[in-house]
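Dear colleague,

Please find below the sequence and the structure that I am handing over to you. My notes on what was found in it follow.

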Amino acid sequence: MTDLTPEDLSEGIVVTHERTFTPGEVRTFTTVSGDEGDHHVETDEEGRLLVQGLLTATLPTKVGGDLNVLASRMEFEFRRPVYTGQHIACEVTFVDVDHGDRVEVTAAFEAVRTDDDTTVMAGLFEGIIRRG
């Protein structure tokens with residue numbers, strides 16, 4: 001969880017969230033989402049499962065959730081696959097922050113596999129944070 005508050009946000013602030021997806025998480029997401037493609041339920045030759053794109057998308061949404069962002073728009077570009085056991089770091093950069101009755105934010109993000117610095121996902125989100 002980030003220690004930032006909405007009042008701390010300004011253009012250029014970067015928040016990073018990292019995680020390694022497990023087979024159990026992929027199986028749970030498969031059940032919840034119904035995304036049951038063979039590649040999500042059968043392991044590859046290395047014993048890994050392919051992580052669903054929308055499960056990978058929880059990396060930047062975790063940052064937004066920590067700040068209570070109510071998203072109005074989200075864009076994702078899934079560039080490379082993510083497999084269970086791979087450590088992924090997602091950098092969220094706030095590119096526009098408007099403080100008013102509510103805080104309006106636009107943030108860009110990039111997620112990379114930390115073992116080889118390959119970008120696996122990029123995109124942006126926009127939303128608001130209501131005050132009090």
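Contact, as the word is used in this message, means heavy atoms within 4.5 Å. On that basis, residues 24 or more positions apart account for 68% of the contacts in the chain with a separation of 6 or more. Please note that this is a predicted model.

Overall arrangement

The chain contains four helices and five strands. Along the sequence these elements follow the pattern β-α-α-α-α-β-β-β-β. Taken along the principal axes, the C-alpha atoms fill a box of roughly 50 × 30 × 25 Å. Of the 132 residues in the chain, 36% are buried. The chain exposes about 7300 Å², and carbon and sulfur atoms supply 46% of that area. As to charge, there are 11 positive and 26 negative side chains, and the centres of the two sets lie 3 Å apart.

The nonpolar core

Which residues touch the most other members of the largest nonpolar core? They are V92, F94 and V105, in a core of 27 residues. At least two residues of this core come from each of α4 (58-66), β3, β4 and β5 (118-130). Leaving out residues up to four places away in sequence, V105 touches L9, V69, F94, D96, V97, F125, E126, G127 and I129.

T106 is located in strand β4, which spans residues 102-113. Is T106 buried or exposed? Its relative accessibility is 17%, which is under the 20% limit, and T106 therefore counts as buried. With residues up to four places away in sequence set aside, T106 touches T93, F94, V95, D96, F125 and E126.

A89 belongs to strand β3, residues 87-99. A89 is buried because its relative accessible area of 13% falls under 20%. Not counting residues up to four places away in sequence, A89 touches T16, H17, E18, E110, A111, V112 and T114. A89 and V120 are 31 residues apart in sequence, and their C-alpha atoms are 9.8 Å apart in space.

E110, one of the residues touched by A89, lies in strand β4. E110 is partly exposed, since its relative accessible area of 36% lies between the limits of 20% and 50%. Leaving aside neighbours within four places in sequence, E110 is in contact with R79, A89, C90, E91, T119, M121 and A122. With T119, the side chain of E110 forms a side-chain to side-chain polar contact of 2.8 Å. E110 and V15 are 95 residues apart in sequence and 11 Å apart in space, C-alpha to C-alpha.

Loop residues

R80 is placed in the loop between β2 and β3. Its relative accessible area is 48%, so R80 is partly exposed. R80 touches R113, T118, T119 and V120, not counting residues up to four places away in sequence.

D44 lies in the loop between α2 (38-41) and α3 (53-56). D44 has a relative accessible area of 19%, which is under 20%, and therefore D44 is buried. The side chain of D44 reaches the backbone nitrogen of E46 at 2.9 Å.

Two further loop residues have a positive phi without being glycine. For N68, phi is about 60°. N68 is found in the loop between α4 and β2 (70-78). N68 counts as exposed because its relative accessibility of 60% is over 50%. For D117, phi is near 55°, and D117 sits in the loop between β4 and β5. D117 has a relative accessible area of 62%, which is over 50%, so D117 is exposed.

With kind regards

Terms used. Residues numbered from 1 in each chain as written. Predicted model: local features only at pLDDT ≥ 70, side-chain atom pairs only at ≥ 80, totals over all residues. Heavy atoms only, no water. Buried < 20%, exposed > 50% of the residue type's maximum accessible area, 1.4 Å probe, protein only. Polar contact = N/O pair within 3.5 Å; in protein donor to acceptor, adjacent residues only side chain to side chain. Core = buried A, V, L, I, M, F, W, Y, C linked by side-chain atoms within 4.5 Å. Areas by Shrake-Rupley, 256 points an atom, 1.4 Å probe, with all protein chains shown as cover. Lys, Arg positive; Asp, Glu negative; His and termini not counted. Charge placed at Lys NZ, Arg CZ, Asp CG, Glu CD.
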